[in-house]
Amino acid sequence: MFKFRDREETLFYSFVYKDLEGKTVSELLKEARRKGAFSLPFHAVVLKNGELDLMRPFEAVGGSELPYSACGVYILVDAGSKDTLSNLQKKRLDDLVKMLHEDYADIVEEEFKDELQRTY
């Protein structure tokens, strides 16, 4: 694993909903590396089957292409929107939110729909 810079403060988490069109995490990583990145800019990816793949530690800074990356946790979710989540994804996201609230007491959810559509 790469050494990522740790955040000084953690203010929010954000779920980024994107239909990955059946791509695996391995395929996403290959695409990112072809573009010159070492990893995905997200902290984790949640696939349709509820599988969670960690891309970087939750205390690390997110990818620079993500808005306010120095103070948030970003989770990429394989879904076109919140409304299309599988039951397994809903359970996984609920578990993640509980865990984040345990680790970061004042953390809140933020949505960056417009900014993320332009960057990722």
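## Terms and model

Buried here means under 20% relative accessible area, exposed means over 50%, and partly exposed lies in between, using a 1.4 Å probe and protein chains only. Strands (E, at least two residues) and helices (H or I, at least four) are DSSP runs numbered from the N terminus.

This is a predicted model, in which local features need pLDDT of at least 70 and side-chain atom pairs count only at pLDDT 80 or more, while totals for chains, interfaces and linings use all residues. Residues are numbered from 1 along each chain as its sequence is written, and side-chain values use heavy atoms, leaving out hydrogens and water.

Let's start with E4: seven of its seven residues are buried, so the strand is largely enclosed by the rest of the structure. One side holds Gly72, Tyr74, Leu76 and Asp78, and the other Val73, Ile75 and Val77.

Two strands count as paired if DSSP finds at least two bridges between them. E1 (residues 12–18) runs parallel to E4, joined by seven bridges, with Ser14 opposite Tyr74. E2 (residues 44–46) also pairs with E4 in the parallel sense, over three bridges; here Val46 partners Val77.

## Asp78

Asp78 belongs to E4 (residues 72–78) and is buried at 5% relative accessible area. Beyond its neighbours within four places in sequence, its contacts (heavy atoms within 4.5 Å) include Lys18, Glu21, Val46 and Gln89.

## Two loop residues with positive phi

Most residues other than glycine have a negative phi. Glu21 has a positive phi of about 55°; this residue lies in the loop between E1 and helix H1 (25–34) and is exposed at 65%.

Tyr68 also has a positive phi of about 55°. Tyr68 sits in the loop between E3 (52–54) and E4, exposed with a relative accessible area of 54%.
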